[in-house]
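The following note sets out a few points for a reader who is new to this entry. Please read them alongside the model.

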Amino acid sequence: MNREKPGFLDNLAIAWAIGSKDIADVLKFKTTLTNFVLLIGLLVFLYWSTSVRPWDHDLQVVVYDETGLVSGPDRITLDDGSELRLYSAASLEELKQETANRDLGIHIVAGTEVESGTSSLLLAGYVPWYRRAKVAELETQFSGVFSGVLGRPVQVAIGGNIVVPSADALGNAFAPAFHLMFAVFWLAFSLVPHLMIEERENKTMDVLMVSPASAGQVILGKGIAGLFYATVGAGISAYLYWGYVTNWLPVLLGFVCSAAFSIVFMLAIGGMVTGQKQLMIAAQPIIFLMIVPTFFYQEPNLAQWLRQFVSLLPTVAASKIIGYGLADSIPVTGLLTNIAITLAFTAAAYMVLFFQMRRADR
Amino acid sequence: MDTIVVDSLTREFDGTRAVDQISFTVEAGEIFGFLGPNGAGKSTTIRMLTGQLRPTSGSAQVAGCDIVSQRDQMKPQIGVVFDCQNIYERMTARDNLRFAARLYRVNGQRVDEALELVGLTDSAKKRTKTFSNGMRQRLVIARALLHQPKVLFLDEPTRGLDPHIARDIRSLIVQLAEQGMTIFLTTHYMEEADQLCRRVAFLDRGRIVALDTPAGHKAAHQSTYGGEAPTLEDLFVKLTGSYLRGGERM
């Protein structure tokens, strides 16, 4: 056996040994495996329930008719059973705003063939930013749809009319940002404390503590396992919402902030609770404080004081950082403020963890 | 040469002394018995000597390393068999040892050697949750020996095992000591201590009340037993645990 004083890489190797053991163990442990599978299922469900799916025949179209000449029903049923729900916009700005959360925006431009009554009609189309990769396909699809509806050849030209929500927009536009943060936080919550509690309950923690592993390496190992699964969860979210991302840098920063806070916070929780029962009791305030606000902070009708309050939560701050990666621009002040919030909470959780380690060493 | 040197080692919990200024030495290759009733301070002493707990005062060296200031250097030189069979149940026997091998930075070949030493080669690929008590105990011993420690701490290694397995484990302990490994043994089986240990310390309420060879202990108390040599069990009952029988509590 090598009895030289271990160096940095040796220390890292020990932490990795613990982490890789836990990564494999998560898949063998019924509780953690169930949590992991449920989360993946939930992510896919959230995506499925908030996105336009290939088999969706209920498409939402916002129409801004500059000419005032085209009037018709608010719902059109096509021959194949598909349904177009038409929403009227009062201005081009409203059209753009609404399109961010719908499937298509149509601008009937004054002075075009619609007024001249000729057989050919050109409509300016707008698509939400998450469908920008499919512009050509949508042009063809909607040209066919509107030709059928209006009974004459229609060309929907989308061109560069892609509607990206502004960074301060409210509503569901940034739901994917929350989903990604939620994946990271939930996986950290459902795996990391379990890994620590189980070591203590089975007394295998004693085995680790008499081995060359230090308390810090054990905790780092658990953190590595948590980070691995948080990355898997974030990776699945990123794959699902690939089309929504306008800038990957804030998404990456948001992931790092979410992962750092979630894992350190959960390590601290894992150090404080003594068993699975206590963890279940602790889960309720954690979910209420950290997860529930991320559901509603984008709600347009939320009281201003409540929005300001929940904006101070690290989970909401991390969601906002990720959300900037889905917006038309990155507000530098907002980005730095939210990074500072998550790092401050991470530092506070680390302090708790640090004192736990010091106390365990006495 | 002394492998374990303990000097006035004390540990207090909330003002109560669990271990009270104990001092002793253990030579290299010696099997040292550390006997006492439940709550006497055996586990606290082992936790201090294995670096899991800091002493309140006093000092100790294990394998030439101070248990506080040189704890990191000491850890690779000790092996510990706990009083519970703390193994990873969802892992196979081989994976349990492979994981330990990574922590101790030992060659993978040692895993097979350790499994062979305790007779678990044929069960190496089985998940340990299917193991019997005896197999589990052999596995925790294999894990403690994997890195060929200088000092082996055994906390009731044969408790609850059938006589065949217990005998095998005792033979292994003797064999290891003959090879020069220092063994620090706690047990509630006085016959086992009598048979294995070169010296035995009786611990009562955190203090060592007697320390000698088994023969020395018996000779010292022979006169009080009408000239007949008492057993270690007789002496254990006499010297320790009066508070357990309704006497003064610690």
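1. The second largest cavity holds about 60 Å³ of space; as with everything below, this refers to a predicted model. Its lining includes Pro176(A), Ala177(A), Trp248(A) and Ile322(A). By class, 10 of the lining residues are nonpolar, one is polar and none is charged.

2. Helices α6 (175-201), α8 (215-240) and α9 (248-272) of chain A each contribute at least two residues to the lining of the second largest cavity. The largest share, three residues, is that of α6(A).

3. Among the 15 residues lining the largest cavity, Val207(A), Val210(A), Ala100(B), Tyr104(B) and Arg143(B) are the closest to its centre. The lining of the largest cavity comprises 10 nonpolar, four polar and one charged residues, and α3(B) gives the largest share of it, with five residues.

4. How much area do chain B and chain A bury between them? The figure is about 2,900 Å², with 55% of it on carbon and sulfur atoms. Arg90(B), Leu103(B) and Arg105(B) account for 28% of the area that chain B buries against chain A, more than any other three residues. The contact involves 29 residues from chain B and 32 residues from chain A.

5. Two salt bridges are counted between chain B and chain A. In one of them, Asp25(A) pairs with Arg90(B), with the closest N and O atoms 2.8 Å apart. On the side of chain B that touches chain A, helix α3 (residues 93-104) of chain B gives the most, with four residues.

Methods
Residues numbered from 1 in each chain as written. Chains lettered and ligands numbered in written order. Predicted model: local features only at pLDDT ≥ 70, side-chain atom pairs only at ≥ 80, totals over all residues. Heavy atoms only, no water. Contact = heavy atoms within 4.5 Å. Buried area = accessible area lost by both parts, 1.4 Å probe. Salt bridge = Lys/Arg side-chain N within 4 Å of Asp/Glu carboxyl O. 1 Å grid on protein atoms, 1.4 Å probe; cavity = no way out; pocket = protein on both sides within 12 Å on 5 of 7 lines; lining within 4 Å. Nonpolar A, V, L, I, M, F, W, Y, C, P; charged D, E, K, R; others polar. Points joined across faces, edges and corners; volume = space filled by probe spheres on them.
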